4 protein chains.
Amino acid sequence: MSGTLNKVMLIGHLGDEVKVHYFEGGGCIGRFPLATNETYTNRTTGEKVTNTDWHNVVVRNKAAEICEKYLSKGDKVYVEGRLKNRQWQGEDGNTRYTTEVHVQDFTFLSTKKESLATGQGGMENAQQNPQMAPQAAPMKSVEPAPAEETDQDDDLPF
Amino acid sequence: MSGTLNKVMLIGHLGDEVKVHYFEGGGCIGRFPLATNETYTNRTTGEKVTNTDWHNVVVRNKAAEICEKYLSKGDKVYVEGRLKNRQWQGEDGNTRYTTEVHVQDFTFLSTKKESLATGQGGMENAQQNPQMAPQAAPMKSVEPAPAEETDQDDDLPF
Amino acid sequence: MSGTLNKVMLIGHLGDEVKVHYFEGGGCIGRFPLATNETYTNRTTGEKVTNTDWHNVVVRNKAAEICEKYLSKGDKVYVEGRLKNRQWQGEDGNTRYTTEVHVQDFTFLSTKKESLATGQGGMENAQQNPQMAPQAAPMKSVEPAPAEETDQDDDLPF
Amino acid sequence: MSGTLNKVMLIGHLGDEVKVHYFEGGGCIGRFPLATNETYTNRTTGEKVTNTDWHNVVVRNKAAEICEKYLSKGDKVYVEGRLKNRQWQGEDGNTRYTTEVHVQDFTFLSTKKESLATGQGGMENAQQNPQMAPQAAPMKSVEPAPAEETDQDDDLPF
DNA sequence: TTTT
DNA sequence: TTTT
């Protein structure tokens, strides 16, 4: 099937901390809300209107660990991924649907934790010596990693 | 405000006809479900898995009319737009949330109606002779139109 | 014709100031170089390699004025647009080709000039009272404006 | 480094066959020109203008082999990748610059070779029975493959 | 020529 | 629930 495209690109601010759930097998999944804003001027009233959209962002495995380590509430981030519908059972027994953005790539545009987190050599170095800083690769695009991951953990339940 | 980005790009097939609702003031809104597919091979079982995601696509005004006229169930289309959360009241009184893709640009990649609609020469021709098909701009990107529209009908309720 | 897509999205830093050329008819065109970086680790040597790509960014009319006013060398910006090939005559009489990114949308991600440029009310205000700050709409996405412009100045020579 | 984004997305038609160069080490690189069109109506004359942009598309390794096998001149394809500047020496000794689109992902939107290549069932089938068409993954997005490749052949000279 |  |  296919010949299809499913792509989302967002720049926004985290509305909350990254929440990571670790699986027994070693994988993990992280989630955070991301806010994007739209501003326009109402034609009739002339007043400026601001509208915020909230996106359910989902990151997995190494990407989740990196986000958990370096991103905080309020930080600005670029995320790229795909839209995914997830359905779940409400307490009333009815099926509910949620749309999530499953991240394939991201770039930090601001991080509160960054300066604290790095000593000399900083995060660049962390990438070259992953054993010394296993979860780090911040402030840079992490294209290869998530791409491989989407391929590697297909047995995870989403 | 802002410095944010909210962009979705999809290539998929219509799961149903375009449903258009016309407002009294002259505007209109169209909706259709769009399917994108994802295929991957399960690591453990080795079996090929296909997963379909359905997207709630929303088009407005002239774009809605063009889509209604030229798109049919099963057609393939490229749409570009922004994610929007819409909330509504369920019959049980609870608030429900739906994520929609509000279209800013689109390109038809296949249309069943095209040959019917235009005779020989098809829609390409229709574009070259707009007086013969005044409301048509099919098989081409209609960037300017939707962009202007998002600006023009901000008093519509979404 | 068409059913085609031509889209570029960049986040990068200005390598120089925005240079604007004003036409007699009232339009204008601005240009600036934008740098994007790519980092990877060489497999064989293990060394980290950084590669910079330079993009010829072109903005027009109001967008050009906004960029000229608020962007400086070193600033970070998101630009979205289309690739355009331009050919010109070299001094040796041979035809040369240059690829440009013609901007349709942009978002400032950092600006040196911003705080200097705004008094109380700041740039948000400038948008609501364009007569008081005719060329301003900084730190926000200016989607509608450039979109309309691409449509309006097609008699300009590019 | 980084916090930058370099992304190109094109839907266009091949202006020529895919030309692949095989390296001794086993890797390969493929190139083809891709045309995108832009149509607009000239404000002053009212005439419809069509403008074609040509893009130098570069694919590598497995992606190059797939493109060579399934794409022909005239076929429509979606490609996603990054802009890259390449410089080379002209015959006159001067340095020339070319901008290329280095593909990270692609989706076939039409292929002439497909029916020939796979008999009934077409390429969809080929995917389901990979042993019958081992190198095929056509008509589908091949995200993982190119992503891994960009990571694997960094010792190639571009 | 930018940035980290 | 973010940001300007």
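1. A salt bridge here is a side-chain nitrogen of Lys or Arg within 4 Å of a carboxyl oxygen of Asp or Glu. By this rule there are 32 salt bridges over all chains.

2. The model is predicted: local features need pLDDT of at least 70, side-chain atom pairs count only at pLDDT 80 or more, and totals for chains, interfaces and linings use all residues. Side-chain values use heavy atoms, with hydrogens and water left out, residues are numbered from 1 along each chain as its sequence is written, and chains are lettered from A and ligands numbered from 1 in the order in which they are written.

3. Strand β1 of chain A covers residues 5-14; strands (E, at least two residues) and helices (H or I, at least four) are DSSP runs, numbered from the N terminus. Nine of the ten residues of β1(A) are buried, where buried means under 20% relative accessible area, exposed over 50%, and partly exposed in between (1.4 Å probe, protein chains only).

4. Pairing of two strands requires that DSSP finds at least two bridges between them. Within chain A, β1(A) runs antiparallel to strand β5 (residues 76-89), joined by six bridges, and A:Gly12 has A:Val77 as its bridge partner in β5(A).

5. Chain A can be laid on chain B with an RMSD of 0.1 Å by a turn of 180° and a shift of 0.0 Å along the axis, superposing by least squares on the C-alpha atoms of residues with pLDDT of at least 70 in both. The two copies are thus related as by a two-fold rotation axis. In chain A, the C-alpha of A:Val8 is nearest the axis, 2.2 Å from it. The same surface serves both copies, as 100% of the contact residues of chain A recur in chain B.

6. Contact (heavy atoms within 4.5 Å) involves 42 residues of chain A and 43 residues of chain B. Chains A and B bury about 3600 Å² between them, 44% of it on carbon and sulfur atoms; buried area is the accessible area (1.4 Å probe) that two parts lose on being put together, summed over both. Four salt bridges are counted between chain A and chain B, one of them between A:Lys84 and B:Glu38 at 3.3 Å, N to O. On the side of chain A that touches chain B, the largest share, nine residues, comes from β1(A).

7. A corresponding point for chains C and D: C:Lys84 forms a salt bridge with D:Glu38, the closest N and O atoms being 3.3 Å apart. This pair crosses between chains, from strand β5 (residues 76-89) of chain C to strand β3 (residues 28-41) of chain D. C:Lys84 is buried at 12% relative accessible area, and D:Glu38 is buried at 14%.

8. Within chain B, the side chains of B:Lys112 and B:Asp75 meet in a salt bridge (3.4 Å, N to O). B:Lys112 lies in the loop between β6 (95-108) and α2 (113-118) and B:Asp75 in the loop between α1 (61-70) and β5 (76-89), so the pair ties together parts that are 37 residues apart in sequence. B:Lys112 is partly exposed at 46% relative accessibility, whereas B:Asp75 is buried at 1%.
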